[in-house]
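Here is a protein model to work through.

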Amino acid sequence: MSDSRPLPQIGRHRLPNRVVLAPMAGVTDRPFRQLCRRLGAGLVVSEMVTSDPTLWHTRKSRQRMDHRGEPGPRSVQIAGGDATMLAEAARLNAEQGAEIIDINMGCPAKKVCNKAAGSALLRNEALVAEILEAVVAAVDVPVTLKIRTGWCADSNNGVRVARLAESAGIQALAVHGRHRQQRYSGEAEYDTIADIKSRVNIPVFANGDIDSPQKAAFVLDYTGADAVMVGRGAQGNPWIFREVDHYLRHGQALPPPAERERADVLRGHLSALHAFYGETMGARIARKHLGWYLASDRRFGEGQQRELRAAFNILEHPAEQYDFIDDLFCPGSGHADPGIANGISAA
């Protein structure tokens, strides 16, 4: 069951395992990255940062570029459609401590694709090659790339883009098993990922619909990929990283986290959000995370989840949110110190 191949390496950085946190806008902020890393992710990638440095003064951009207290290697994803601007963005991020630069050519969001960025770039292979060569030449740190299988079902050009990436000096490639027009609908397909892996010599990370240790093992075996990249499967379930890693190493499933651990992790996650964003914004951002944690909690049906989300979403203060979590998981047990944060740095 154990994979005897060497663990994937990106430049000088050898990953400790085969499970990676996918970059997700509005999700993989510093608190969530640190949490997933602590719970077993071998590599975490930041939310995408615009390649336009004139926009970096905004609060959102500053927070997305904040990697204080994070262990290396720090991977920063950049997005844009202009080769010169992306190269400059890569250089500036490397100067600020990025140890890996990741280029986004996989985001299907309209607001990104309408600017000829994200997965929209897959329609123009000449521009893809120009961007990759410019970014690789601009920095001394390794550059990675995230793509989809293509723009649409009639343009499944992932293999050609992968070859361009390898030729340009890209040192690892993540492939989501859907084309852009699918967005996140239907099911991911892994045949294209397997084809890509068979044709390039750089590490390939398989992404799409990986929501369990068993699914991760199946995808690795089917595609021959070097690692799996987990996105939506980690929302509300950051334990998936240690569970996948353990299953890949030992062929046995770990027991699910105990309720006390679930409460402590959720409490710590919210505490880090409050510290990172401020109490008002942090309390608001905590609402979507609580919804995801509830969705992964088998104690509650859909109706109960809706009621609990509605009750939590009217809470405006951190103390109220901590009390809610304590009552949800361990009623009558007393309230733990929210400042502990379970190892999640808030500084």
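The questions go from the whole fold to single residues.

Q: How many helices and strands are there in the protein?
A: The model is a predicted one. Both kinds of element occur in the protein. The count is 13 helices and 11 strands.

Q: What share of the contacts in the protein with a separation of 6 or more comes from residues 24 or more positions apart?
A: The protein has 347 residues, and buried ones make up 56% of them. Its accessible surface comes to about 14,700 Å², with 49% belonging to carbon and sulfur atoms. Among contacts with a separation of 6 or more, the share from residues 24 or more positions apart is 69%.

Q: What volume does the largest cavity have?
A: The structure holds two cavities of 30 Å³ or more. The largest cavity has a volume of about 90 Å³.

Q: Which strands each supply at least two residues of the lining of the largest cavity?
A: The lining of this cavity counts 15 residues. Nearest its centre lie Val 45, Asp 102, Thr 144, Phe 205 and Met 229. By class, the lining has 11 nonpolar, two polar and two charged residues. The strands that each supply at least two lining residues are β7 (100-105), β8 (143-148) and β9 (172-176).

Q: What covers the buried residues of α6?
A: Helix α6 spans residues 158-168. Its buried residues are Gly 158, Val 159, Val 161, Ala 162, Ala 165 and Ala 168. In an α-helix, residues three or four places apart point the same way, because there are 3.6 residues a turn. The cover over the buried residues of α6 includes α5 (125-138), β8, β9 and α7 (191-199).

Q: Which residue just after α6 takes a positive phi?
A: The place to look is just after α6. Phi there is about 100°. The residue is Gly 169.

Q: Are the rings of Phe 276 and Tyr 277 stacked or edge-to-face?
A: The structure holds four aromatic pairs. In the pair of Phe 276 and Tyr 277, the ring centres are 4.9 Å apart and the planes stand at 85°. Planes over 60 degrees apart count as edge-to-face. The pair of Phe 276 and Tyr 277 is therefore edge-to-face.

Q: Is Tyr 277 buried or exposed?
A: A residue counts as buried when its relative accessible area is under 20%. Phe 276, its partner in the ring pair, has 12% and is buried. Tyr 277 has 11%, so Tyr 277 is buried.

Conventions. Residues are numbered from 1 along each chain as its sequence is written. This is a predicted model: local features need pLDDT of at least 70, side-chain atom pairs count only at pLDDT 80 or more; totals for chains, interfaces and linings use all residues. Side-chain values use heavy atoms; hydrogens and water are left out. Rings of Phe, Tyr and Trp (its six-membered ring) pair if their centres lie within 6.5 Å; planes under 30 degrees apart count as stacked, over 60 as edge-to-face and the rest as tilted. Buried means under 20% relative accessible area, exposed over 50%, partly exposed in between (1.4 Å probe, protein chains only). Helices (H or I, at least four residues) and strands (E, at least two) are DSSP runs, numbered from the N terminus. Contact means heavy atoms within 4.5 Å. Accessible areas come from the Shrake-Rupley method with a 1.4 Å probe; for residues, only the protein chains shown count as cover. On a 1 Å grid over the protein atoms alone, a cavity is a set of points where a 1.4 Å probe fits but cannot get out, and a pocket is an open set with protein on both sides within 12 Å along at least five of seven lines; lining residues have an atom within 4 Å of a point. Grid points are joined across faces, edges and corners, and a volume is the space filled by probe spheres set on the points. Ala, Val, Leu, Ile, Met, Phe, Trp, Tyr, Cys and Pro count as nonpolar, Asp, Glu, Lys and Arg as charged, and the others, Gly among them, as polar.
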